[in-house]
Amino acid sequence: MGRTSIKSAKRKFLLRRVKTGCFYLISSVLSLLNNVKGCCLAAPNKTFDRILLISLRHIGDFVWAVPVIRELSMIYPDTKFDVVVQPINREIASLLPNVRNVLTLTNTRGRGPGLPTGKLDWPKLKSVLKEITSREYDALIILSPDTILSLLVQIFFFFKMRPIKVCDVSRLNLLNIVTRTTKKKHSLDVSRKAIAPLDKDGKIPVLIPLIEIPGDKRSQSKLHSNDNIIIGLCVGAGWEYKRWNKAYYVNLVDLILQEYKNVLIMIYSGNSEEAEVANFIKHNCRYSERVETFNKGMMEFLESLQQCDLVISNDSGPAHIASALAIPLLVIFGPTSPERDAPRGFSTVKVYWKKVDCSPCDQLECFNPVKQKCMDSVLPKEVFKGAKEIIHSLM
């Protein structure tokens, strides 16, 4: 990449940060105004019977909304949630307790190739707004403040003569940016602090995602014999520089299958580009007869993934889903910060990350002369060592 291209990419990155910061600032002000109005109108001992949650980020970000809904459902068992999510997250949202209505809207602030970008779907936005404004809510939780919908909803609630409690992460995110702690605080801890006012004592426990697939939606039989150990590989990621080298994946698969004769590999992919990587790994490894590829819808993916005994993944949405399904997980990080973005789960989660001189950068373009140095610094033999530890614990 030439100097001109690097400068252009840096300008785009800076512009994106400024736009996001403006969204955070406006959303913070609207949240403050709504909460002040709510305090003036609210009755004593107010309960939260109806809560609207907006999370229009991608898969991994929405998985972080799962424990928010679960914890508040435990505090207020009779509370019903309406959630607004990206279309790809509809199935996950439908599995959560106390969710009565799932609205979908495509967020056009995509980050990389294959992600939704372009013009906003105004007819769909109006439809979602109409549904929201036709209902009465006691609380609003905003986990994606950098969206037009979040701002419009806050403006509507401000002019409506009904008390509403707004829990918005924008103020905390803005504070983290100003104090330069954005790479240190985990996103789940930010959400936990944001929803604390909804608990009388403000004591929300550590948020850990958990997704449970109902019995009628589980596959009735294993993909393979119960004598086999199934390892899932999730080869996709939000953008190119978060993806581990496909040759490294081939090396890792060969190491595992050579060492363990009862191991089967399932390679998961989302879009066509990821499917090409999955096919490359299958056709270039030495034991392709024990390797399968999978590219289907979200519910089929959930049903298949929950049968895995171990998942190895890039930092991606599927990695967060695996941890939420309580599957042992080995996750490879590069340009993003594990301190902020690492999956949390009730099972083993081991992170592989080599902090090179420019990481974490969280940028779509790689400015290091040695391209993708952060990802390539994680070697297959290191991940294989972690896989061996998990496999031995299963035997």
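Before counting, I noted that helices are DSSP runs of H or I with at least four residues, while strands are E runs of at least two, both numbered from the N terminus. On that basis I count 15 helices and 11 strands in the chain.

**Entry: confidence.** I am working with a predicted model. I looked up the mean pLDDT of the chain and found 88, with 90% of the residues at 70 or more. I then went to residues 218-225, where pLDDT stays under 50. For this stretch the model has 14 contacts beyond four places in sequence. A reminder to myself: where pLDDT is low, the predicted coordinates should not be read in detail.

**Entry: the chain as a whole.** I checked burial next: of the 395 residues in the chain, 51% are buried. I also looked at contacts with a separation of 6 or more, and 71% of them join residues 24 or more positions apart.

**Entry: H11 and H12.** How do the axes of helix H11 and helix H12 cross? I find that the axes of H11 (residues 298-305) and H12 (residues 317-324) come within 11 Å, crossing at roughly 50°. I therefore call H11 oblique to H12. The crossing of H11 past H12 is right-handed. On the H11 side, I list Met298, Phe301, Leu302 and Leu305 as making the contact; from H12 come Pro318, Ile321 and Ala322. Sorting the residues of this contact by type, I get seven nonpolar, no polar and no charged.

Notes. Residues are numbered from 1 along each chain as its sequence is written. This is a predicted model: local features need pLDDT of at least 70, side-chain atom pairs count only at pLDDT 80 or more; totals for chains, interfaces and linings use all residues. Side-chain values use heavy atoms; hydrogens and water are left out. pLDDT is the predictor's confidence in each residue, from 0 to 100. Contact means heavy atoms within 4.5 Å. Axes are lines fitted to C-alpha atoms, for helices over the stretch in contact, and angles run from 0 to 180 degrees between N-to-C directions. Angles under 35 degrees count as roughly parallel, over 145 as roughly antiparallel, 65 to 115 as roughly perpendicular and the rest as oblique. A crossing is left-handed if the near helix is turned anticlockwise from the far one by less than a right angle, and right-handed if clockwise. Ala, Val, Leu, Ile, Met, Phe, Trp, Tyr, Cys and Pro count as nonpolar, Asp, Glu, Lys and Arg as charged, and the others, Gly among them, as polar. Buried means under 20% relative accessible area, exposed over 50%, partly exposed in between (1.4 Å probe, protein chains only).
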